[in-house]
Amino acid sequence: MILDNKYMMPYTVPTTAIDGQYRCTPITLAALSQDLAANHYSSTGIFMPQLQERGLMWIISKQHFEIHEYPLWLDCLTLQTWAQPPKGLFCFRDFAYYYAEGGKKASLSAAFKDFDAAERKGTEWTADSLRRYGALCVRGSTCWVVLNMQTNQPAVLDDTVFGSLTFCDEHLEGRVFAKIPLPTHWDREELFHPSLLDIDMNGHVNNLNYIRWALSFMDADFCRGKLLRVLDTNFLISAQYGEQLCCRCSHIEDNVCVHSIVRTADGSEVFRARSEWADERKMARPLQVEHETSRL
């Protein structure tokens, strides 16, 4: 639903989106931003397969995520995204995830009771319900370009690309898309090959897999008791199926890491990221299985 030039939709955290402590995962939060972008763009009447028929495709360049609190299993959220006016060849899109009204569940019992309520499902898509949201969970920005698939060069942006898309000037304040310097040493390096399941609709490695690899090939002791708080990503070159890649990680500060993925054949860098981490007790509440008033 488009409200105030923003695309909004309800979302209930499913079983497939949680970690071992029932918290929504960073990969899910990143994937949702792209689902929102695709839904919003498609609402203008132009679909990505139509662009591909014209030899064009959307390519994500940079991302900035700030996680304020991790939602838990069956929490209900209100998701928002909006497009900013383009700057030259670059398109910018912000997003924000809030707890929906009553969406931060007091216990798992309360969550299941609400999840099964038909009256909730019938009203969550109304404009009034989408506007009545609570505390912020996640805020972020993304930078995109439209690429000519034959020349591999940015395409000219016009109405044939944007359709009826409207823009919103609101943007994330603070340090966004800052340069990520490479460290002088790497604490961990892992070799691997992208599989067939890692390839996207454009024939390249899906960008979410770079984030998954970067957050997977880390030292377990460093991550113990911590949760990701800030993530900056820079997508440099598209990796292909069958190429050998090396994922590198360096702990540059107590709670900060730099990540880099390179092609071993020529040493070219395909992805770079910076992650900030915080005490998990400050980032997510524990799951309450029963109400506090229960004798159990």
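Predicted model: local features only at pLDDT ≥ 70, side-chain atom pairs only at ≥ 80, totals over all residues.

Student: Which backbone nitrogen lies 2.7 Å from a polar atom of the side chain of Asp198?

Tutor: Leaving aside its neighbours within four places in sequence, Asp198 is in contact with His204, Val205, Asn206, Asn209, Arg212 and Trp213. The backbone nitrogen that lies 2.7 Å from a polar atom of its side chain belongs to Ser195.

Student: At the start of α7, which residue has its backbone nitrogen reached by a side-chain oxygen of Asn206?

Tutor: Asn206 is one of the residues in contact with Asp198. At the start of α7, a side-chain oxygen of Asn206 reaches to within 2.8 Å of a backbone nitrogen, and that nitrogen is the one of Leu208.

Student: How many of the 10 residues of helix α7 are buried?

Tutor: Helix α7 covers residues 207–216 and is mostly covered. Its buried residues are Asn207, Leu208, Asn209, Tyr210, Ile211, Trp213, Ala214 and Leu215. Of the 10 residues in α7, the number buried is eight.

Student: Which residues lie nearest the centre of the largest pocket?

Tutor: About 1,000 Å³ of space lies in the largest pocket, and the elements that give two or more residues to its lining are α1, α2 (48–53), β3 (56–67), β5 (91–100), β6 (133–148) and α7. The residues of that lining divide into 28 nonpolar, 12 polar and three charged. Of the 43 residues that line the largest pocket, those nearest its centre are Trp58, Ile59, Ile60, Trp144 and Asn207.

Student: How many charged residues are in the lining of the second largest pocket?

Tutor: The second largest pocket has a volume of about 320 Å³, and 17 residues line it, with Pro26, Leu215, Lys226, Leu227 and Trp277 closest to its centre. At least two lining residues come from each of α1, α7 and β8. Eight residues of this lining are nonpolar and three are polar, while the number that are charged is six.

Student: What separates the C-alpha atoms of Ala38 and Met48?

Tutor: Ala38 is found in helix α1 (residues 26–42), and it is partly exposed, with a relative accessible area of 21%. Along the chain, Ala38 and Met48 are 10 residues apart, and their C-alpha atoms are separated by 8.1 Å.

Student: Which residue in the turn between β10 and β11 has a positive phi?

Tutor: β10 and β11 form a hairpin that has five residues between them. The residue in this turn with a positive phi, of about 75°, is Gly267.

Student: In β5, which residue is the bridge partner of Leu77?

Tutor: Strand β4 (residues 76–83) is largely enclosed by the rest of the structure, since eight of its eight residues are buried. Cys76, Thr78, Gln80 and Trp82 are on one side, and Leu77, Leu79, Thr81 and Ala83 are on the other. β4 runs antiparallel to strand β2 (residues 6–12), with six bridges joining them, and it pairs with β5 in the antiparallel sense over seven bridges. Leu77 is the bridge partner of Tyr11, and in β5 its bridge partner is Tyr99.

Student: Which backbone oxygen does the side chain of Lys105 reach at 3.0 Å?

Tutor: Lys105 is found in the loop between β5 and α3 (108–115), and it counts as buried at 10% relative accessibility. Not counting residues up to four places away in sequence, Lys105 touches Leu74, Asp75, Cys76, Ala111, Asp114 and Arg285. The backbone oxygen that its side chain reaches at 3.0 Å is that of Gly102.

Conventions:
Residues numbered from 1 in each chain as written. Heavy atoms only, no water. Pairing = 2+ DSSP bridges. Helix = DSSP H or I, 4+ residues; strand = E, 2+ residues; numbered from the N terminus. Buried < 20%, exposed > 50% of the residue type's maximum accessible area, 1.4 Å probe, protein only. Polar contact = N/O pair within 3.5 Å; in protein donor to acceptor, adjacent residues only side chain to side chain. Contact = heavy atoms within 4.5 Å. 1 Å grid on protein atoms, 1.4 Å probe; cavity = no way out; pocket = protein on both sides within 12 Å on 5 of 7 lines; lining within 4 Å. Points joined across faces, edges and corners; volume = space filled by probe spheres on them. Nonpolar A, V, L, I, M, F, W, Y, C, P; charged D, E, K, R; others polar.
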